[in-house]
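My notebook is open, and I want to look up a few things in this one. Here it is.

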Amino acid sequence: WFTDHTDTSSKVSYYSKYTGSSNKIDEVFKAVGVPTKYRGSYLKRLPVAKANGISSYTGTAAQNIKLIGLAKSGKLKKA
């Protein structure tokens, strides 16, 4: 059988770099262009967290700080 092993690592795209001063995850997500469907609750943010290496995301302050840090460095991967 032929299996399509598409290399997704070369197709990683990022949200815009966050240049504001908010530490509120949804404000940061909105500012960098994260779609509304990924904002508002930790369950909605789960796909973005997973795309950024947080597999057991529960919306803790530490996890949100990590996501905000990625956004500030321009390294927040799109879900």
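Is Tyr18 buried or exposed? I looked it up: Tyr18 has a relative accessibility of 10%, so Tyr18 counts as buried. The cut-offs I use are under 20% relative accessible area for buried, over 50% for exposed and partly exposed in between, with a 1.4 Å probe and protein chains only.

**Ground rules.** I'm working with a predicted model, where local features need pLDDT of at least 70, side-chain atom pairs count only at pLDDT 80 or more, and totals for chains, interfaces and linings use all residues. Residues are numbered from 1 along each chain as its sequence is written, and side-chain values use heavy atoms, with hydrogens and water left out.

**Overview.** I found 3 helices and 0 strands in the protein, and from the N terminus the order is α-α-α. Helices (H or I, at least four residues) and strands (E, at least two) are DSSP runs, numbered from the N terminus. The protein has 79 residues, and buried ones make up 29% of them. I also checked contacts, meaning heavy atoms within 4.5 Å. Of the contacts between residues at least 6 apart in sequence, 50% join residues at least 24 apart.

**Back to Tyr18.** Tyr18 sits in the segment before α1. Leaving out residues up to four places away in sequence, I see Tyr18 touching Val28, Ala31, Val32, Ala71 and Lys72. Tyr18 and Ser73 are 55 residues apart along the chain, yet their C-alpha atoms are separated by 7.3 Å.

**Helix packing.** I looked next at how α1 (residues 25-32) packs with α3: the angle is about 25° and the axes are 10 Å apart. Axes here are lines fitted to C-alpha atoms, for helices over the stretch in contact, and angles run from 0 to 180 degrees between N-to-C directions. That angle makes α1 roughly parallel to α3; the classes are under 35 degrees for roughly parallel, over 145 for roughly antiparallel, 65 to 115 for roughly perpendicular and oblique for the rest. Which residues make the contact? From α1 they are Ile25, Val28, Phe29 and Val32, and from α3 they are Asn64, Leu67, Ile68 and Ala71.

**Arg45.** I found Arg45 in helix α2. Arg45 is buried, with a relative accessible area of 7%. Neighbours within four places in sequence aside, the contacts of Arg45 include Ile25, Phe29, Tyr57 and Asn64.

**Aromatic rings.** How many aromatic pairs are there? I get 1, using this rule: rings of Phe, Tyr and Trp (its six-membered ring) pair if their centres lie within 6.5 Å, and planes under 30 degrees apart count as stacked, over 60 as edge-to-face and the rest as tilted. The rings are those of Tyr42 and Tyr57, with centres 6.4 Å apart and planes at 55°, so the pair is tilted. Tyr42 is in helix α2 (residues 42-51) and Tyr57 is in the loop between α2 and α3 (61-72), 15 residues apart.

Tyr57 is at 3% and counts as buried, whereas Tyr42 is at 36% and counts as partly exposed. Neighbours within four places in sequence aside, Tyr42 is in contact with Tyr57, Thr58 and Gly59.

**Last check.** Lys75 lies over the face of Tyr14, 5.8 Å from the ring centre. The rule I used puts a charge over a ring if NZ of Lys or CZ of Arg is within 6 Å of the ring centre and within 35 degrees of the ring normal.
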